[in-house]
Amino acid sequence: MNELIRTLTQTWGPTSYEEGIRGVITRELDSLHVDCRVDALGNLIYCIRAPGKPKLLLSAHMDQIGIIVTHVDKDGFLRFGAVGGLDPYKVLGHRFVFANSTVGVAAVESKEHKTLEHLTLDKLFLDIGAASKDDALLHVAVGDFAVYAGDCVQVGNRVTSAALDDRIGCYVLMEALRAVVGKDLNYETYAMFSVQEEIGIRGAKVGAWGVQPDLAIALDVTAWGDTPESYVLDIALGKGPAIKVKDAGMVATPVVRDLLIEAAKTHGIPFQLEVLQGGTTDAAAIQTIANGVPTGVISIPDRYVHSASEMVDLGDVEGCIKLLVAVLLK
Ligand SMILES: [Zn+2]
């Protein structure tokens, strides 16, 4: 098991509470002695200076999806809302953990069992085992955040865990940085670990304004089309990094897309082209700041995105690191 991937995925960090994961990343990268700063929103931005060269911004988001307590009823059961895009079918039956380690299970109103095709989040509640409202309030309060409790396990080349979106992108960015520090780079390179992606790509926008790059590449997960009766999507685990053409929020700037394709071909890295009908990434925000930024995305295929058990292929992850390093190095 890759211990860094385990630590990254198991660190608690819903949107706006990224300090834990930021701490993991800064401790890991400390020995590189690369300049870094944290902006007022919490984006962690490393910079490898190369005066006179174009500025390249790389971005991977630190936050993970979660839930927020909206109400505690008289019997101690919690109602909750989504922090990020949550499918009630992926929530039902799973455990959620709060910052203070309190754990609850997401259950459904019994009378809803027969009509699961219409399941909505407001039919679910969180049971932390409290005996009453007063008992529950000893552990949680309205406004508290929780995230999926989902162990990190490895079978063969596949890793399953909560929060691979986008801690696996953070991992790719960290490993690429380690590989290129001290070498001759094509760009003045800014590596941003962004906040607040899951509630509307809010952190990356601020971080990108702070850098005002000449071009940008986001690193995030994408969906899959290789499981039984899946929707049609030409993305499979194990077939390499996905180079984004389009998602619901942007068209990748063709010149950056082609730069990634060329780098993959030159270095013999297998890749897939991604046309995603739903969802978007930090790239959509970065592309439209200031005078506009040519922006592309390297995507990591990730089954069951936004569930307690997402799944990636380590070969794809290695391919993403190689591809990014190929772009950065002269
Ligand atoms: Zn993501």
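Trainee: Which residues is Glu 197 in contact with, leaving aside its neighbours within four places in sequence?

Mentor: The model is predicted, so keep that in mind. In it, Glu 197 is in contact with His 61, Asp 63, Asp 220, Thr 280, Thr 281 and Asp 282. Contact here means heavy atoms within 4.5 Å.

Trainee: Where is Glu 197 in the chain?

Mentor: Look at the loop between strand 12 (188–194) and helix 6 (202–211). An unreviewed UniProt entry lists Glu 197 under "active site".

Trainee: What makes Glu 197 count as buried or exposed?

Mentor: Its relative accessibility is 7%. Buried means under 20%. Therefore Glu 197 counts as buried.

Trainee: And why is Ala 290 called partly exposed?

Mentor: Ala 290 has a relative accessible area of 34%. Buried is under 20% and exposed is over 50%. The value of 34% falls in between, so Ala 290 is partly exposed. Ala 290 lies in the loop between helix 8 (282–287) and strand 16 (295–301). Not counting residues up to four places away in sequence, Ala 290 touches Trp 209 and Gln 212.

Trainee: What is the order of the open sheet of three strands?

Mentor: The order is 10-11-17, with antiparallel pairing. Strand 10 (153–155) and strand 17 (310–313) are the edge strands.

Trainee: What makes strand 10 and strand 17 edge strands?

Mentor: Each pairs on one side only.

Trainee: How do you know that strand 10 and strand 11 pair?

Mentor: Count the bridges. Two strands pair if there are at least two bridges between them. Strand 10 and strand 11 (residues 158–161) have three, in the antiparallel sense. For one example, Gln 154 has Val 159 in strand 11 as its bridge partner.

Trainee: Which helix packs on this sheet?

Mentor: Helix 9 (residues 314–328) does, touching strand 10, strand 11 and strand 17. The direction of helix 9 makes about 65° with that of strand 17.

Trainee: Why does the span of helix 9 agree with its number of residues?

Mentor: Helix 9 has 15 residues, and at 1.5 Å a residue they should span 21 Å. The expected span uses one less than the number of residues. The end C-alpha atoms are 21 Å apart, so the two agree.

Trainee: What makes helix 9 mostly covered?

Mentor: Of its 15 residues, 12 are buried. Among them are Leu 314, Cys 320 and Leu 328.

Trainee: What reaches the backbone nitrogen of Gly 315 at the start of helix 9?

Mentor: A side-chain oxygen of Asp 313 does, to within 2.7 Å. The cut-off for a polar contact is within 3.5 Å.

Methods
Residues numbered from 1 in each chain as written. Predicted model: local features only at pLDDT ≥ 70, side-chain atom pairs only at ≥ 80, totals over all residues. Heavy atoms only, no water. UniProt positions renumbered as here; feature names shortened; annotations may be inferred. Helix = DSSP H or I, 4+ residues; strand = E, 2+ residues; numbered from the N terminus. Buried < 20%, exposed > 50% of the residue type's maximum accessible area, 1.4 Å probe, protein only. Axes fitted to C-alpha atoms, helices over the stretch in contact; angles between N-to-C directions. Polar contact = N/O pair within 3.5 Å; in protein donor to acceptor, adjacent residues only side chain to side chain.
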